[in-house]
Amino acid sequence: MSVESSRYDIRSLIERYAGIKVVNVAMVHGVKEYHSNCPWCGGTDRFITRPETGRYSCAVRSTGCGRYGDGFDFLIEYALLSRQEALKELGIEDGTRTFVPPPPSHQYDKNAPPSPKWQESGWLLVEYAEKALWNTPKARRCSTICALAA
Ligand SMILES: [Zn+2]
């Protein structure tokens, strides 16, 4: 992901939405890290934000939920903003970011059956259409004749 990190501060962005509490600041390989609780899975210091790189991650000492990303990812996954809203929030003009396609499980598979909810409303529609069809004057006459013929 390549949102321009210089244009926003990942730590204050997350603090604004999640109320995280920074308990430790460290320099790791020359990059400043802020350790805090994780907006998703809690803890006290498992969540790391690095304002210089504009990224966050949750996986200190293999505890934590393993989430990572940048401000854009955070706004989508935690604040549940749309892509447009997230870009606006970060002050990034629409179209300056290359979107990463959703993972395969979220992609439309034309060979898979539709969702149960879709199927349910589909069957309701079929039932309704059948009843409506048999309720026309022509159909009523036909069904009487057919019943006599049987
Ligand atoms: Zn976490």
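User: What spacing do the donors of the zinc ion follow along the chain?

Analyst: Bear in mind that this is a predicted model. The spacing of the zinc donors reads C-x2-C-x16-C-x6-C.

User: Which atoms are the protein donors of the zinc ion, and what makes them donors?

Analyst: They're the SG atoms of Cys 38, Cys 41, Cys 58 and Cys 65, at 2.2 to 2.3 Å from the zinc ion.

User: Why is the site of the zinc ion called tetrahedral?

Analyst: The angles among its four donor atoms run from 105 to 114°. Four donors count as tetrahedral if all angles lie between 85 and 135 degrees, so the label applies. For reference, the ideal value for four tetrahedral donors is 109.5 degrees.

User: Which parts of the chain do Cys 38 and Cys 65 link?

Analyst: Distant ones: Cys 38 is in strand 2 (residues 31-38), while Cys 65 sits in the loop between strand 4 (55-58) and strand 5 (68-70), 27 residues apart.

User: Why is strand 2 described as largely enclosed by the rest of the structure?

Analyst: Because six of its eight residues are buried.

User: What makes strand 2 a partner of strand 1 and of strand 3?

Analyst: Pairing takes at least two bridges. Strand 1 (residues 22-28) and strand 2 are joined by six, and strand 2 and strand 3 (residues 42-50) by four, so both pairs qualify. Both run antiparallel. On one side, Ala 26 stands opposite Glu 33; on the other, Ser 36 has Phe 47 as its bridge partner. Strands 1 and 2 form a hairpin with two residues between them, and His 29 in the turn has a positive phi of about 50°. Strands 2 and 3 make a hairpin too, with three residues between them.

User: What does the side chain of Asn 37 do with the backbone nitrogen of Lys 21, and why is that a polar contact?

Analyst: A polar atom of the Asn 37 side chain lies 2.7 Å from that nitrogen.

Methods:
Residues are numbered from 1 along each chain as its sequence is written. This is a predicted model: local features need pLDDT of at least 70, side-chain atom pairs count only at pLDDT 80 or more; totals for chains, interfaces and linings use all residues. Side-chain values use heavy atoms; hydrogens and water are left out. Donors are N, O and S atoms within 2.8 Å of the metal (3.2 Å for Na, K and Ca); water is not among the atoms, so sites may look incomplete. Four donors count as tetrahedral if all angles lie between 85 and 135 degrees; four count as square planar and six as octahedral if opposite donors are over 155 degrees apart and all others between 65 and 115; anything else is irregular. A polar contact is a pair of N or O atoms within 3.5 Å; within protein, one must be able to donate a hydrogen and the other to accept it, and residues adjacent in sequence count only if both atoms are side-chain atoms. Buried means under 20% relative accessible area, exposed over 50%, partly exposed in between (1.4 Å probe, protein chains only).
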